[in-house]
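Trainee: I would like to learn how to read a structure one feature at a time. Please walk me through this one.

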Amino acid sequence: MSDARQHQRPPGDEDAPLPPGPLDALTDVPGLRVGHAQRTGGGWLTGTTVVLAPEGGAVAAADVRGGGPGTRETDALDPGNLVQHVDAVVLTGGSAYGLDAASGVMAWLEERGRGFRVGPDPAQVVPVVPAAALFDLGRGGAWRNRPDAALGRAAAEAAARTASGAPVAQGNTGAGTGAVSGGLKGAIGTASAVLPSGATVAALAAVNAAGSFADPRTGALHGAPGPLPDPDVHAAARRRLAEARAASAARSAASVRPPLNTTLAVVATDAALTRSQARKLAVTAHDGLARALRPVHLLNDGDTVFALATGARPLASPEALAAADPAFGVHLRAGALNAVLAAGADVLARAVVKAALSATTVDGPGGVFPSYTELYGTELYGTELYGVGL
């Protein structure tokens with residue numbers, strides 16, 4: 001049976017959620033690898049995540065919506081500019097200081113001859129490594145502890161050690177190590193979906209929003225349908241969160257004021273996209289953040305979404321295009337792209353939910369950051385779409 005047949009929805013069930021890939025993770029897009037590196041304890045609570053593209057790179061784009069971004073090489077991804085493919089994307093803590101992690105990834109790629117060729121010698125390459133940083137300064141207790149080139153290299157090496165199609169660690173790891181959202185512990189989350197065409201769309205998010213993934217009035221996760229928490233449980237959760245915020249402010253005011261944050265994400269597909277189409281995927285994927293985080297894209301955030309397309313599959317079926325009236329080929333291609341765009345927003349919203357459910361409480365010198373599951377338990381949300389191995 002073809003991939004397309006395997007992933008067709010049942011007749012009359014076209015509105016059902018798309019099935020996830022085997023891992024429900026970014027690495028369901030063949031060829032992508034994810035590596036994390038972090039430092040905790042002794043004043044540290046931060047980390048870096050690297051997404052490695054397949055050999056030869058991937059078409060890439062970015063869209064920045066937050067008012068306080070910390071980014072590197074995002075201009076290189078403009079569809080009108082020279083570089084066509086990138087070999088890695090870096091998500092990192094440490095605010096603008098943490099962008100130094102990309103230097104370590106750049107050096108690691110150069111040593112392997114991967115990058116934009118600029119001379120006759122195959123070693124003459126300049127790796128283009130787009131990167132974005134979230135704000136977690138001081139959350140481990142020491143303001144000057146932030147990711148550097150060595151941590152970026154460690155994350156790249158961790159990615160390279162994994163096999164293609166390996167699971168992706170979620171929770172307090174990599175760029176999600178020091179993440180906090182609305183006073184609750186943020187984290188790394190990832191999700192995927194397989195389209196009826198057989199194409200895969202997947203996302204990875206480091207959730208560190210100035211807003212929250214949980215409704216403060218009810219405790220429900222914005223991005224996840226489900227029953228509301230018991231009112232008594234919610235009341236107890238609110239008291240615990242207020243106590244945690246007070247304790248954090250007393251231990252290290254720098255860790256909670258000002259409320260500078262940022263959510264970072266990579267959305268990827270194995271469909272063949274042009275750079276302009278990849279840019280559209282990055283743009284529309286922000287809708288997933290808007291569903292799962294409220295408020296979002298504030299001046300206190302630097303919300304940035306990267307899009308990667310490996311091009312392993314045609315966007316639209318060649319057979320369908322050959323059979324169609326040539327005048328309608330453009331509509332077939334647009335419909336195929338629309339399916340990818342819609343899935344990108346869906347999987348990013350689910351990645352945020354999975355980050356919320358994967359996070360674990362941190363109680364350290366930089367503050368107390370309770371997890372959602374500490375406050376509300378693990379019973380509210382089913383495992384079909386949101387299972388994270390709890």
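Trainee: Let's start with R153: is it buried or exposed, or something in between?

Mentor: The general idea is relative accessible area, with a 1.4 Å probe and protein chains only: buried is under 20%, exposed is over 50%, and partly exposed lies in between. R153 comes out at 24%, so it is partly exposed. Before we go on, note that this is a predicted model, in which local features need pLDDT of at least 70 and side-chain atom pairs count only at pLDDT 80 or more, while totals for chains, interfaces and linings use all residues. Residues are numbered from 1 along each chain as its sequence is written, and side-chain values use heavy atoms, leaving out hydrogens and water.

Trainee: Which residue forms a salt bridge with R153?

Mentor: We call it a salt bridge when a side-chain nitrogen of Lys or Arg lies within 4 Å of a carboxyl oxygen of Asp or Glu. For R153 the partner is E111, and their closest N and O atoms are 2.6 Å apart. Helices (H or I, at least four residues) and strands (E, at least two) are DSSP runs, numbered from the N terminus. E111 itself is exposed, at 53% relative accessibility.

Trainee: Now a polar residue: what does the side chain of T92 contact?

Mentor: A polar contact is a pair of N or O atoms within 3.5 Å; within protein, one must be able to donate a hydrogen and the other to accept it, and residues adjacent in sequence count only if both are side-chain atoms. The T92 side chain makes one with the side chain of T48, at 2.9 Å, and also reaches the backbone oxygen of G98 at 3.5 Å. T92 belongs to strand β6 (residues 88–92) and, with 0% relative accessibility, is buried. Leaving aside residues up to four places away in sequence, T92 touches others (contact means heavy atoms within 4.5 Å), including G47, L99, A133, P147 and L264.

Trainee: What about the nonpolar core: which residues touch the most other members?

Mentor: A nonpolar core is a set of buried Ala, Val, Leu, Ile, Met, Phe, Trp, Tyr and Cys residues joined through side-chain atoms within 4.5 Å. In the largest one, of 58 residues, those are F213, L221, L348 and Y372. The biggest contributor is helix α7 (residues 329–358), with 14 residues. Apart from this core lies another of 30 residues, among them A58, A76, V266 and F306. As for L221, the residues in touch with it include F213, V353, L357 and Y381.

Trainee: Where is the cis peptide bond?

Mentor: It joins R294 and P295, with omega about -15°. P295 is in the loop between α5 (275–292) and β15 (304–313). H297 is in that loop between α5 and β15 as well, with a phi near 60°, a positive value in a residue other than glycine. H297 is partly exposed at 23%.

Trainee: What is phi of S95?

Mentor: Phi is near 55°, again positive in a residue other than glycine. S95 lies in the loop between β6 and α2 (101–111), and at 22% it is partly exposed.
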